[in-house]
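Here are a few notes to go with the model, written for someone opening it for the first time. Have a look around, then read the points in order.

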Protein chains: 2
Amino acid sequence: MMDRPLQLKTLLWRAERLFGHKQIITRRDDGYRRYTYAEFGKRVRRLTDALNRLGVRTGDRVGTLGWNTDQHYEAYFAVPCMGAVLHTINIRLSPDQIGYVIEHAGDSVLLVSPEQLPMLEQIRDRLTNVKAVVVFGDGPPPTTALGPVYGYEELLADADEEIEFPDVDEDSPAGMCYTSGTTGEPKGVVYSHRSTVLHALILCLQGSIGVAERETYLLVTPMSHVNSWGMPYACALQGASLALPGTQPRPHHYLEIIEHARVSVCVAAVTVGMLMRQELESGRQSYVLDSLHTLWLGGQAPPIGEIRWWQQAHGVHVCQGWGMTEASPLLTFTTLTSQFTDLDDEGKFRLLGTQGKPMPLVEIKLVDDHGKELPWDGKHAGEILARSPWVARAYYHDTRSQDSFAGGWFHTGDVGVIDQNGYLSLVDRVKDLIKSGGEWISSVDLENALMGHPEVREAAVVAAPDPVWLERPIAIVATNSPVASDDLTEFLREKFPKFWLPDRFVFVDEVPKTGVGKFDKKLLRQQIAAGNNHSTDKTP
Amino acid sequence: MMDRPLQLKTLLWRAERLFGHKQIITRRDDGYRRYTYAEFGKRVRRLTDALNRLGVRTGDRVGTLGWNTDQHYEAYFAVPCMGAVLHTINIRLSPDQIGYVIEHAGDSVLLVSPEQLPMLEQIRDRLTNVKAVVVFGDGPPPTTALGPVYGYEELLADADEEIEFPDVDEDSPAGMCYTSGTTGEPKGVVYSHRSTVLHALILCLQGSIGVAERETYLLVTPMSHVNSWGMPYACALQGASLALPGTQPRPHHYLEIIEHARVSVCVAAVTVGMLMRQELESGRQSYVLDSLHTLWLGGQAPPIGEIRWWQQAHGVHVCQGWGMTEASPLLTFTTLTSQFTDLDDEGKFRLLGTQGKPMPLVEIKLVDDHGKELPWDGKHAGEILARSPWVARAYYHDTRSQDSFAGGWFHTGDVGVIDQNGYLSLVDRVKDLIKSGGEWISSVDLENALMGHPEVREAAVVAAPDPVWLERPIAIVATNSPVASDDLTEFLREKFPKFWLPDRFVFVDEVPKTGVGKFDKKLLRQQIAAGNNHSTDKTP
Ligand SMILES: Nc1ncnc2c1ncn2[C@@H]1O[C@H](COP(=O)(O)OP(=O)(O)OP(=O)(O)O)[C@@H](O)[C@H]1O
Ligand SMILES: Nc1ncnc2c1ncn2[C@@H]1O[C@H](COP(=O)(O)OP(=O)(O)OP(=O)(O)O)[C@@H](O)[C@H]1O
Ligand SMILES: [Mg+2]
Ligand SMILES: [Mg+2]
C-alpha cells in the first residue's frame, strides 16, 4: 500500500474541495459572522504564510489563548498544516498556571484574545521564549507593554492565500494541550497528525457522535481545551456546518445561537448543559429549539435527571463520552445498541447514564490495586486502563506520573465497573473515592442522586478526614429554594447503605468549578479540611 | 502518542467482547446456520491454531477458494491475526487463471470449497508450493488425488481456542487479491493491516455506507474478491449482524435470506442486483422485503432505471461506490449531501447515478493525456488518479503496468468528469472508450440509456474496428421480448448526437460476464472483431 501519511491537510482539502459552500457561523458582539469552508481554506493559508513570516518553523509551538471563534479555528489548521504545533492554552486556567504552561511548552508565538493581554503583562517574565503576540479580533492590536504585537486581520491582509502545505510525517506533533489540573498541576500531552486524524475519523463513525455533513454542530466545549474534543477536525472532515459561540459567551448566547443557526447537535461540558437548562427554566427569554436533537455532554458524568429533562422537555437525546486530555479525549461513548431498542424510557436513561462502550481501536481493561485484571461482570470495580493510537505514551517533558503509563497502558485514574456487554460505568476518580471504615463510597453516585432532588441545582461530595472512619463524605449543595439537611438525608436514605449518607451538608450559592467547569473537588477538600465551609447543616 | 499498530485483531476483540451476542447467519443446503460473534471468535482461534500446526508461519500466503460462508469469514481473521496473508482467490476465474494466481502468490495452504477439488486436480502441476489443502464444509474431506487433504471441522475440533494473537507491524501484509482480469491477466495487490483497518473504519462513517451495529448486512459481493468490499471487517468492527448467502447461491436465495434474516442492507454487484429484480418481476415466488432499506451496488455503474425501480417498487435506496482491487476497493461513494435535500426524485436518482464524492483520506485528481490537471467543472473529462493509505503502491511481483503507479498516484484507467461539488461521474474505462472520427463515445452512457428501455434487460456497447471512422459502437443487447434495431436506434436518437448511435445491434440471450459478473467487453470485442455475432439487426 502507498505510505500516505495521515495528516491534517487532507481534512482541510476535503472541507475546501468537497464542501466549499458549507458554513461556519461565529457569534460576534454585534451579531453573527458567516463564511464558507472555501473562504476558510484561503484564510488558513494566509495565516500559515503570516506565521511563517513571523519565523515559525517546523516543530515550533504556537500557543493560543482563544475562545471558540472562526479565527481560532483557522489556527487549528494553519499551525499543524505548516508542520508547527498548536498549543491550545486553557483560557480559564489561573495566570500562574498559564505562565507555567507557556514556559513549559516553549511557545514561540502566541495568538490571544485581546482581553487576555493584561493577564499576559502580569506574567511577562515567563514569556521569554515568545517572539511575537498576535491579537485575535478585527481591529489593530491594543497598546500593550508586551513585545512585538500584531493584529490578526492586519497580518492576514498582507499574506498569501495560495501557499502549498508540506507533507508531514504522520507521527510528527500537530498539537498539544495540558490537563485541566483538577487533581494537581497541569501535565502536557502532545497529539500527532496520526492520532488527530484517527480520532477525527472515530467521531464520524456510526455508534459514536457520528459527525455527519447534514448536521450543524454547536461547539460549546472550549477550543482551548483538548481541541474541543476533536470536533473541529471531525466537522471539517465531513463538511458539517459549525456554529461557534465566540468571545466570553453566557448560557443565553448558546441558546440564541441554537435558534439562529438552527443547530442540531450541541457539544458541551455537563455543567454548561445544566446552566442552559437553568436559563430555559428561568423563563427569562423564549427560544425556538426545534432544530436541536442531540446534546453531547462530557467532562464529568451527566446526572440521569439531566438526561431525562432534556428528553422530556425538549425531545433532545443526551449522550456522553468518557475521556481525558491524555486520550485526545475520546475513549468510550454511550450508544444504545440494538438489543436495548425495546427498553422503556427509564431503562434507556439509565443506559445513557453509563459511560458507554469503547470506541473502535480503543482497548480497555479493568484492574485491581495489584494490577490484576478484573472480570467484566457489572460488579467488580477497578481502575480502568486504556490503550489506543490516540492515547499519550508519556507526559511532555515531565517526570511526574510516569507510573500512569506503566506497561504500555494508560492508567486513567478513573474507577469503574464494566458489564458483560462492555458498558462502562464510572464509580469515581481514584483520588475522589471516599474510604470510610475500610469500605469505598462513590462521590459520583451520591452527587448524581442529590442532583435528582427537585430543588438541588448542584451537588459535590468530598471526603473529610475523620478520626474514627478515616474519611467521611461531606456534601456541598446549591439549591433553588431552602431545603433542610434532614430532608436531603431522607431523600438519600432509600437509595444507599446507611454508612454512605453524608455526615454534613454545606449549602452554597454555587459549587466552585475548575477552568473547564468541573466541580473543583481539590479546592473543596482543602476548604473542608481548613474548616472554611460557608454554612452548614441548614439552607442559607 | 502510543505507537499502537492498526491491526485486525483489534476488530476481532471488539466483535467478541462488545458484541459477543450478535449473530452471523449463513445459508446452508439444509437451512440456515446461526452463531454468535463470541462463538465466531473461538473458532477463529481454533483455525489459527490449526493453521499453525499445518506449518503456516508469519508472512506465508494462505489461499482461499470459498463462497460467502461463516467458515470463509473465520479465515478472514484467523489468517491475518496470526501474521499470515489471506489470499482470496476469485472462485469464478478460469482454471488457468486460478493456477496462475496460486503459483504467483506462492500459496502454502489452500482452504477450498469441495466442488473446487476436481478443478484443482486439473491444475495439480501448478500447486507445487501447496503443503496442505483444507476442505470447507462439515464432513470429512472427499477423496482426491491432491496431496494432504483435511476436513475443516476435523481440523478445528482438535485445535485450541485459547491461543493469543501476536502484535503485528501495521504495514505487514494481511491479505492479497488479484484484479478481475477484465482488461488483461489478473494482477496481484497486497493489503496491509493498516490499510484494511483504515478501510474498515471508512465503511462505518456517516456519508459512506455507514456500517452500523443496528443493521443486518447481506454480503452478496464475493468474499473471494477484494474482501467482499471490506464489509466483513467493517461488520466485525461495529458488531453488525451479518448474513452470508453460502455455497453456489442463486438470485432467489438472496431474496429468501433477506426475508429470513430480516436483512436491512444488501451489498451486491450491479448485475446481481439486476438478477434479483428479474426474479422479483418474474413473480415465481413472493418475498417479504420490508426489512430491506438499502442496496449498495458496485463493480460497474448501476443504470438509473435500476435505481429508480428499487426505490419505487420496494422503497429501497440504491447507492454505489466506485473503486477497484487496487484500492481495497473504495474510493468514492454516493451520498446525497444536504444541499440536495429538496431535489425531486428524478434529480436524486440522477445524483445517485454518479459515482459520488471521494471518501475521507482519499485524494483524487483528473488529468488529460499529458498528465496535466483538469478542472472540476462537470465538463472536462480525463483519467482519474487517486491516492490514499489504502491504495496499492505497486502490483505484487509484477513488472507489468508500473506506469499505473507513476508519480505517487494510482492511474485508475477510468475516465470521468468531476463537478464543482466533487461528485465524480465515470464516462468509461480508458480501454472501453470508443474513438470515432476523432471524437470520444462513452460506452457506459449508451449502455445505461439502452437499459432504460423497458424491454432491454442487459446492454453492452463495444468498439468495432472501422475503416473510415477508426472505431464505431456496436451494441450487444438481451431483451425480454423481441425488439427491432430501428426501435432501439429511435429510442437513443433523442438522447445522443447522431454519431454516437450504434452501427449495429447484436441480440443475445445474455451478455457474457466476467468472473465477478461484469459485462465481459474484452471477450465481446474479440467476438465482434472475429465476426462471431450470434444474430444481428433483428431480434432472435
Ligand atoms: N463522561 C464522563 N463521566 C464521568 N467522568 C468523566 C467523563 N468524561 C470525563 N470525565 C472525567 O474527566 C477526566 C478527564 O478530564 P481532563 O483530562 O479534562 O482533566 P482532569 O483529569 O479533570 O485534570 P487533571 O488530570 O489535571 O487532574 C476523566 O479522567 C474523568 O475523571
Ligand atoms: N460504481 C462504479 N461505477 C462504474 N464503474 C465501476 C464502479 N465500481 C467499479 N467500477 C469499474 O470496475 C473497475 C474495478 O474492478 P476490479 O478491480 O474488480 O477489476 P477490473 O478493473 O474489472 O479488472 P482488471 O483490472 O483486471 O482489468 C473500476 O476500475 C471501474 O472501471
Ligand atoms: Mg486527569
Ligand atoms: Mg482494473
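**Notes on ligand 2 and the two chains**

1. Sorted by class, the shell around ligand 2 holds four nonpolar, 13 polar and three charged residues. Here Ala, Val, Leu, Ile, Met, Phe, Trp, Tyr, Cys and Pro count as nonpolar, Asp, Glu, Lys and Arg as charged, and the others, Gly among them, as polar.

2. A word on the basis: this is a predicted model, where local features need pLDDT of at least 70, side-chain atom pairs need pLDDT 80 or more, and totals for chains, interfaces and linings use all residues. Residues are numbered from 1 along each chain, chains are lettered from A and ligands numbered from 1 as written, and side-chain values use heavy atoms, without hydrogens and water.

3. Which residues are closest to ligand 2? They are B:Gly181, B:Thr182, B:Thr183, B:Thr325 and B:Lys518, out of 20 that surround ligand 2 (a heavy atom within 4 Å). S14(B) gives the largest share of the shell, four residues (strands are DSSP runs of E, at least two residues, numbered from the N terminus).

4. Now the polar contacts (N or O atoms within 3.5 Å). Oxygen atoms of ligand 2 lie 2.6 Å from an N or O atom in the side chain of B:Thr325 and 2.6 Å from one in the side chain of B:Asp414. The protein buries 93% of the 630 Å² that ligand 2 exposes when taken alone (Shrake-Rupley method, 1.4 Å probe).

5. On to the pair of chains: rotating by 180 degrees, with 0.0 Å of shift along the axis, superposes chain B on chain A at RMSD 0.0 Å (least squares on C-alpha atoms of residues with pLDDT of at least 70 in both). The two copies are therefore related as by a two-fold rotation axis.

Methods. Polar contact = N/O pair within 3.5 Å; in protein donor to acceptor, adjacent residues only side chain to side chain.
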